[in-house]
Amino acid sequence: MSFQSEYDISLGSSNQPRIAGRTYVDKASGYLLIDWINNCQESWVTNQRMMTKFINSHGVGTVSEINYSLNEMNDGKKMEFLLEIKEDAEVIDRHYGKAERKSELTVKFMQNDKELKFSKDVIFPHEFLEDIIKNLNSKKKMMVRNVYEGTIPDKFFNISVFFTDEIVEVDEKLLDEGVLNKFKKIRMAYFQDKTQTPIFEQTVHLNSQGIASFFRYDYADYSLDLNLKNVKLTPLDCKNR
């Protein structure tokens, strides 16, 4: 299902004690924009933009901007991605890559000759989302997948997904007609390099259409809450292509 969604970002609550002499995030605000487009059964395209303003415990502010685009073929064998990261409007990182799954997963970067190879069991983001949706209302309590997104270009994530029975509804005014107001709470832990401690954890309220009404990003020193502001269905007119 093709859709556009927007989220408001705020600093999540934390009970962790602060250590003297360290710098912490005191405030956070911003937005996340997500497009998922079903390109007429040929591929899935997403464009995501996350803009966050941080104020630290010394009163110093910074603005972080992450732009991420993906074109993943329907059969899950190929994808292209573009990642751009800005700090205070200055580009600090940009990657454009192509990945293909055959006997193994190969990633090539367009800005240089770098090439990465991973196991064939590493899948792409939309295939991962489809796996979650398939198991969302099953009796399964957990699943594990290896996923390459390109958001950390040199590595893939080993992601543990924990399903719960908790169902959440939101204000109907936030939802376009046809969006199901039945969101299941799931928890995900992201691991890399066979470590025992996740580098990042995420809570998502997700419906069976693949639309989220809430995200919580838990990092080592702070958390972000992303609450749905609005969502619109955006189907393409494939008959007149």
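Predicted model: local features only at pLDDT ≥ 70, side-chain atom pairs only at ≥ 80, totals over all residues.

Reader: What is the volume of the largest cavity, and which residues line it?

Author: Its volume is about 40 Å³. The lining consists of Leu 136, Ser 138, Lys 139, Lys 140, Lys 141, Phe 163, Thr 164, Asp 165 and Lys 184. Strand 11 (residues 157-168) gives the most to this lining, with three residues. By class, the lining residues of the largest cavity comprise two nonpolar, two polar and five charged.

Reader: How many residues line the largest pocket, and which of them lie nearest its centre?

Author: The largest pocket is lined by 40 residues, and Gln 48, Glu 149, Thr 151, Gln 202 and Tyr 217 lie nearest its centre. The volume of this pocket is about 1,200 Å³. Strand 3 (residues 43-56) supplies the largest share of the lining, five residues. The lining of the largest pocket has 31 nonpolar, seven polar and two charged residues.

Reader: Which residues make the nonpolar surface patch?

Author: Leu 82, Tyr 96 and Met 110 make a nonpolar patch of about 250 Å². Tyr 96 belongs to strand 6 (residues 90-101). Because its relative accessibility is 32%, Tyr 96 counts as partly exposed.

Reader: What is the general idea behind salt bridges, and how many salt bridges does the search find?

Author: Side chains of opposite charge can pair when their charged atoms come close. In this structure the search finds 19 salt bridges. One of them joins the side chains of Asp 221 and Arg 22, at 3.2 Å from N to O. Asp 221 lies in the loop between strand 14 (212-218) and strand 15 (223-233), and Arg 22 in the loop between strand 1 (3-11) and strand 2 (25-38), so the pair ties together parts that are 199 residues apart in sequence. Asp 221, at 42% relative accessibility, counts as partly exposed, and Arg 22, at 40%, is partly exposed.

Reader: Are the partners Glu 127 and Arg 101 buried or partly exposed?

Author: Their closest N and O atoms are 2.9 Å apart in a salt bridge. Glu 127 lies in helix 1 (residues 125-136) and Arg 101 in strand 6, so this pair ties together parts 26 residues apart in sequence. Glu 127 counts as partly exposed at 22% relative accessibility, whereas Arg 101 is buried at 17%. Elsewhere, salt bridges that share partners join Arg 187, Glu 201, Arg 216, Asp 218 and Asp 225 into one network.

Definitions and conventions
Residues numbered from 1 in each chain as written. Heavy atoms only, no water. 1 Å grid on protein atoms, 1.4 Å probe; cavity = no way out; pocket = protein on both sides within 12 Å on 5 of 7 lines; lining within 4 Å. Points joined across faces, edges and corners; volume = space filled by probe spheres on them. Helix = DSSP H or I, 4+ residues; strand = E, 2+ residues; numbered from the N terminus. Nonpolar A, V, L, I, M, F, W, Y, C, P; charged D, E, K, R; others polar. Patch = residues over 30% accessible without salt bridge, like charges linked within 9 Å, V, L, I, M, F, W, Y side chains within 5 Å. Areas by Shrake-Rupley, 256 points an atom, 1.4 Å probe, with all protein chains shown as cover. Salt bridge = Lys/Arg side-chain N within 4 Å of Asp/Glu carboxyl O. Buried < 20%, exposed > 50% of the residue type's maximum accessible area, 1.4 Å probe, protein only.
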